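Please keep the sequence and the model open beside the text.

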Amino acid sequence: MAENENSGCTHNCSTCGSSCAKKDLRESLHEGSCVRKVIAVVSGKGGVGKSLVTSLLAARMNKEGKRTAILDADITGPSIPTSFGISGERVMGDETGLMLPVETKSGIQIMSMNLLLKDGSDPVLWRGPVIAGTVKQFWSNVAWKDVDFMFVDMPPGTGDVPLTVFQSLPIDGIVIVSSPQQLVSVIVEKAVKMAELMKIPILGLVENMSFVRCPDCGKEIHLYGKSTIEKIALDYGIPLLARIPIDPDISRAVDEGKVEEVDSEFLAGVFDTIAARISRTH
Ligand code: ADP
């Protein structure tokens, strides 16, 4: 669809003669690809651990025996390849120009801007429509092989790019990542409203950096005061999937590219909850 086709749109289709809103804006997968379920991981702002949670969820899902992939839609801040230790690798293409995702040690298929840059530290200085177009290509011009669950590491916030991604990819559900120092209720409310507008179910909340565990006595230390996430989850009727502590072992594993080796006991049961809440098929 042309980028300007929706200019002047009030999103009130009842008073508009244009046929654009009735068009399915979703991009198609390449004919040889197969992706069964797509889960978007979102956050209100950067730095709360959205990419970490995406990596941990994918690693856990893969361990549960599901064929898993990550589409890194955080084009300007792609950190997924680093956490899996594949940031030095480059995406290859086949003879038709289709991009082949890079596979991690445990077989998770990854597509990320970081795998296309000559130097991973090069900044991506692109405007929104170009970034959104790249994400669409990561969906439709990549050979995704027999994927049960794809996790999409979304750009933070609710701006132009996340919106385009939600319209272009067949997202089955959303996982919200927050941290206790944020105004969590506002972030959750925004995400809930966005999900309602997009008609996509929220699968659950993950509170990252929830607490620090004392290495001597094991007690939980709440650096930002008592968490309100349980009450918020209850208020909105959304499952609390996990509370993840700030853990130097996790950050070391990410820095060393070994996120697949993190003991993710705190994610036990998440797969069942997610699978039960995803109903739509495509
Ligand atoms: P976002 O995707 O929200 O911008 P990241 O996942 O990139 O955030 O996390 C930011 C930094 O914080 C990374 O270096 C990551 O390894 C670290 N980090 C995130 N969560 C934790 C945690 N629970 N324990 C230790 N380090 C963490």
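A residue is called buried when its relative accessible area is under 20%, exposed when it is over 50%, and partly exposed in between, with a 1.4 Å probe and protein chains only. By that definition, buried residues make up 48% of the 282 residues in the protein chain. The model is a predicted one, in which local features need pLDDT of at least 70 and side-chain atom pairs count only at pLDDT 80 or more, while totals for chains, interfaces and linings use all residues. Residues are numbered from 1 along each chain as its sequence is written, and side-chain values use heavy atoms, with hydrogens and water left out.

**Overall build**
- The protein chain has eight helices and 12 strands, where helices (H or I, at least four residues) and strands (E, at least two) are DSSP runs numbered from the N terminus.
- Contact means heavy atoms within 4.5 Å, and among contacts in the protein chain between residues at least 6 apart in sequence, 78% join residues at least 24 apart.

**Nonpolar core**
- A nonpolar core is a set of buried Ala, Val, Leu, Ile, Met, Phe, Trp, Tyr and Cys residues joined through side-chain atoms within 4.5 Å; of the 80 residues in the largest one, Leu 71, Trp 144, Met 150, Val 152, Phe 166 and Ile 274 touch the most other members.
- Helix 1 (residues 50-63) gives the most to this core, with seven residues.
- Leaving aside neighbours within four places in sequence, Ile 274 is in contact with Ile 39, Met 61, Phe 149, Val 175, Leu 203 and Leu 241.

**Helix 4 and Thr 164**
- Val 161, Pro 162, Thr 164, Val 165, Phe 166 and Ser 168 are the buried residues of helix 4, and they pack against strand 1 (35-43), helix 3 (128-140), strand 8 (173-178) and helix 5.
- Thr 164, which lies in helix 4 (residues 160-168), has a relative accessible area of 16% and is therefore buried.
- Not counting residues up to four places away in sequence, Thr 164 touches Ala 132 and Lys 136.

**Helix 5 with helix 6**
- The axes of helix 5 (residues 184-198) and helix 6 (residues 229-236) come within 10 Å and cross at roughly 30 degrees, the axes being lines fitted to C-alpha atoms, for helices over the stretch in contact, with angles that run from 0 to 180 degrees between N-to-C directions.
- Helix 5 and helix 6 are therefore roughly parallel to each other, since angles under 35 degrees count as roughly parallel, over 145 as roughly antiparallel, 65 to 115 as roughly perpendicular and the rest as oblique.
- Val 184, Ser 185, Val 188, Glu 189 and Val 192 of helix 5 make the contact with Ile 229, Ile 232 and Tyr 236 of helix 6.
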